[in-house]
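Hello,

Here is the structure I promised to pass on. Please open it beside this email and follow along.

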Amino acid sequence: MTAMLRDITLGQYYPADSPIHKLDPRVKLLGTLIYIISLFIFKGIPAFVLTVIFLIAVIRISKVPFSYMVKGLKAIVILMIITGLFNLFLTPGTEWVHFWIFTITYEGAKSAAMMLIRLIFLIVGTSLMTLTTTPNQLTDGLEKSLHPLNKIHVPVHEIAMMMSIALRFIPILIEETDKIMKAQMARGADFESGSILKKAKAMIPLLVPLFISAFRRANDLAMAMEARCYHGGEGRTRMKPLRYQKRDHIAYVILFLYLALIIALRFVWVNYAVALL
Amino acid sequence: MGIIKARKLVHEYIRRDEEGNVESIQTALDKVDLDVKAGEFIAILGHNGSGKSTLAKHINAILEPSEGSLWVDGYDVSDDANVWEVRQRAGMVFQNPDNQIIASVVEEDVGFGPENVGVPTDEIWRRVEESLKAVGMLKYRHHSPNKLSGGQKQRVAIAGVMAMQPKCIVLDEPTAMLDPNGRKEVLKAVHELNRKKGVTIILITHYMEEVVEADRVYVMDNGRVVMQGLPRELFSQVDELKKYRLDVPQVTLLAHELRNSGLKGIPAGILTREELTEAISRLCQSY
Amino acid sequence: MSIILDKVNYVYSAGTAYEIQALKNINLQMKDGEFIGIIGHTGSGKSTLIQHLNGLIRATSGGIYYNGEDIYAEDYNMKGLRSKVGLVFQYPEHQLFETTIFDDVCFGPLNQGLSKNEAGIRAFEALNSVGLPEDLYYQSPFDLSGGQKRRVAIAGVLAMKPEMIILDEPTAGLDPKGRDEILNQIAKMHKERGITVILVSHSMEDVAKYVDRIIVMNQGEVMFDGIPKDVFRHYRELEAVGLAAPQVTYLMHELKDRGFPVAADATTVEEAKKEILEMIGRVSGR
């Protein structure tokens, strides 16, 4: 079981040979951000259709099977249901359906639908980014794009290094947790039964060794890094430097056009709606 | 001057209490002298706590001497300004394979060292390929380290050090956490680096079988070098080795016991099976 | 005490792309007081096998009977099984967590439902039998050496008074003297307590020196099961699967191949020495 866990990386990267996969991670990071913004500022049917087309187009180009997109949604089914219900029943406005003590308004139905759509597209959009970008590409992308923050003394490089090391050690720590759990179970520890308090107490024989082990690893790793002349971000070159290609420039143009259109349609819609009144 | 030279090297671990007063002093290295020539394959033996790891950590400037001196390729490790020069010339491989691999992809980890010292991108790629080839791991370059065996991980760690083009590699008990196959793999890789690329090797271990092919062996106990010489010379002193909590390979022990039982025809310092078989054959033929 | 494994199979991640059969048709019987060594390379299934013996892993198919009872029966007390079959993992010192050694060793007995006093008595006994000096009992585990910590971890399992104790590579990472000490302690414990001891190891020499029975695991199957002499007689087959016989066994075979009148089944230095001296005695006509 742990053998399989070792293969799971955060966000489930799906390797494929697509233009989306080949894009610079900075483009994808910004692109996801822009898409999320667009989801919250669009108004009107034409803009909605645009967001849908955009998403579907990117999904198709990425060659990632649709089933993988849906996987991410499974995780938030409960959130979707709660959000949907809240919006459905608690939005004031013109009554549509009424039963017992519950009232559903037209506004409620509309806002529930909008919220659900936004959530779904948000999850799918973000999944798409993690499915087409390896965790290390993401940390590299973040490091390079947040570089200007160095001027206000934010340790960008160190944070990115911490993130990529954390990613590398997650499978190892999962395996270690399993080992320690088994070792304590062999001594009669019970992680399953009992009250919440009892279960919390039972975690001590698991957490203490785990923490100690993590500290030991950190210590060893720091020594190994220093032994290989690591001394922070100063003067470091890159084996796989991020350099923009033509496709990245094209992608940026498309992204900005998309955002511009969404904003434009919002004003057009507002004016149209005003004109109607 | 040899590539590594230590003179009266002392290292004390000082334990302080909350107020900063000295609570206890543990002398881990007690006036150690060392002379390693370029291209040699040296083994340092010792039980846990003998000071061998402490000595190793001085060679690549992770620890600083409390007294005495150590020079790596002419650079004095006590001088802070020399730290990066020393570390580039004397690379170090540690005991725990997982805790020295930084990246999630083998080739990226091997490139970590060159990246740190500002090697240009193209050159990094050249070195990474060369190093992986030298340890026989080139075909695993795109793999995640998590899927490799212990012996393979250690070889990747060695490649990572080789990519910095050091003159000398110190290996601190690199096989302690490996199974017999892994141990064989690592030792084979290390011997090849020594033979084919002329890298000076300092192997720290307590597995006697691993030192059989060394050029010279040092035995440490209590922070001091208590025995030194050729493997054969040391192996003939079975009782003394046992005194220092060490052991000898089964074959050496058997030869020793046979000698003690009166078989004078068995020479001292038998290192391999073949030697003992030969010795017994000759002895029988003499009757 | 007896354990019977009947047609035990274990498959990881059954039905997925990652499916691996870790144990194939294992049939074994272990009795009271045996001293068994299990050898096999990494991936042979030996770790998986021992985790079946105390119920940490559940077989995919097949049955395991402890003292005649089916451990997979509906109402079987699995927690109780873990009291009777003690398992010491590799690098067991990594599981120490209490503030003092004494408290850590009490963890097992307390989990068994013993009172604080009873647990304390057990802890004392156990720490004694692993040879740890009393003045260390109230120290923090982190103040001890690696070898000492390991003994504390073993004591932690012994304190549960198991009928069988399994030790996975108890000598890993220790220096030669440390290895000798721990193995001697284990042998002593086996003799004094009469419990069944299973030693999982990579070192043929260690195993040959101490155990009465060797089980060789290869690719999830039991390859050989017998006394050391018999098992190491198959040294060529062992080699073919990446294992080996003790150094001295090879030596004796080589001498025999050269025509010397020696029995080739020595597996320890003592046996080899005796054989060779006798042979020389005969050859020299003394």
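**A hairpin in chain B**

Strand S9 (residues 216–221) and strand S10 (residues 224–229) of chain B pair over five bridges, in the antiparallel sense. Keep in mind throughout that this is a predicted model. Across the pair, B:Tyr218 stands opposite B:Gln228 in S10(B). S9(B) and S10(B) form a hairpin, with two residues between them. Look at the turn: B:Asn222 has a positive phi there, of about 60 degrees.

**A sheet in chain C**

Chain C holds an open sheet of six strands. Their order is S6-S7-S8-S3-S9-S10 (chain C), and the pairing is mixed. As background, strands of a sheet pair through backbone hydrogen bonds, either parallel or antiparallel.

Which strands stand at the edges? They are strand S6 (85–88) and strand S10 (221–226) of chain C. Each has a single partner strand, so one side of each is left without a neighbour in the sheet.

Helix H5 (residues 146–158) of chain C lies across S6 and strand S7 (164–168) of chain C. H5(C) runs at about 165 degrees to S6(C).

**Chain A: overall build**

Chain A has 12 helices and two strands. From the N terminus on, its elements run α-α-α-α-α-α-β-β-α-α-α-α-α-α. Is chain A compact or spread out? Its radius of gyration is 24 Å, well over the 19 Å that the globule rule gives for 277 residues, so chain A is more spread out than a compact globule. Along the principal axes, the C-alpha atoms of chain A fill a box of roughly 70 × 55 × 40 Å.

Of the 277 residues of chain A, 24% count as buried. Take the contacts in chain A with a separation of 6 or more: 76% of them are between residues 24 or more positions apart.

Chain A is also assigned two domains: domain 1 (13–133 + 244–277) and domain 2 (136–243). Their C-alpha centres lie 33 Å apart in chain A. Six residues from domain 1 of chain A and nine residues from domain 2 of chain A make the contact. The domain 1 side of that contact in chain A divides into three nonpolar residues, one polar and two charged.

**Where chain A meets its neighbours**

Start with chain B. The contact takes 25 residues from chain A and 32 residues from chain B. On the chain A side, helix H9 (156–185) and helix H11 (204–227) each supply at least two residues. The largest share of that side comes from H11(A), with eight residues. By class, the side of chain A that touches chain B has 13 nonpolar, four polar and eight charged residues.

Then turn to chain C. Here 18 residues of chain A are in contact with 22 residues of chain C. Helix H1 (2–5), H9 and H11 of chain A each give two or more residues to the chain A side. Which helix gives the most to this side? It is H9(A), with six residues. The side of chain A that touches chain C has 12 nonpolar, three polar and three charged residues.

Best wishes

Note on methods: Residues numbered from 1 in each chain as written. Chains lettered and ligands numbered in written order. Predicted model: local features only at pLDDT ≥ 70, side-chain atom pairs only at ≥ 80, totals over all residues. Contact = placed C-beta atoms within 7 Å. Helix = DSSP H or I, 4+ residues; strand = E, 2+ residues; numbered from the N terminus. Nonpolar A, V, L, I, M, F, W, Y, C, P; charged D, E, K, R; others polar. Domains from an automatic or database assignment. Pairing = 2+ DSSP bridges. Axes fitted to C-alpha atoms, helices over the stretch in contact; angles between N-to-C directions. Rg over C-alpha atoms; globule rule 2.2 N^0.38 Å. Buried ≥ 20, exposed ≤ 12 C-beta atoms within 10 Å, placed from the backbone.
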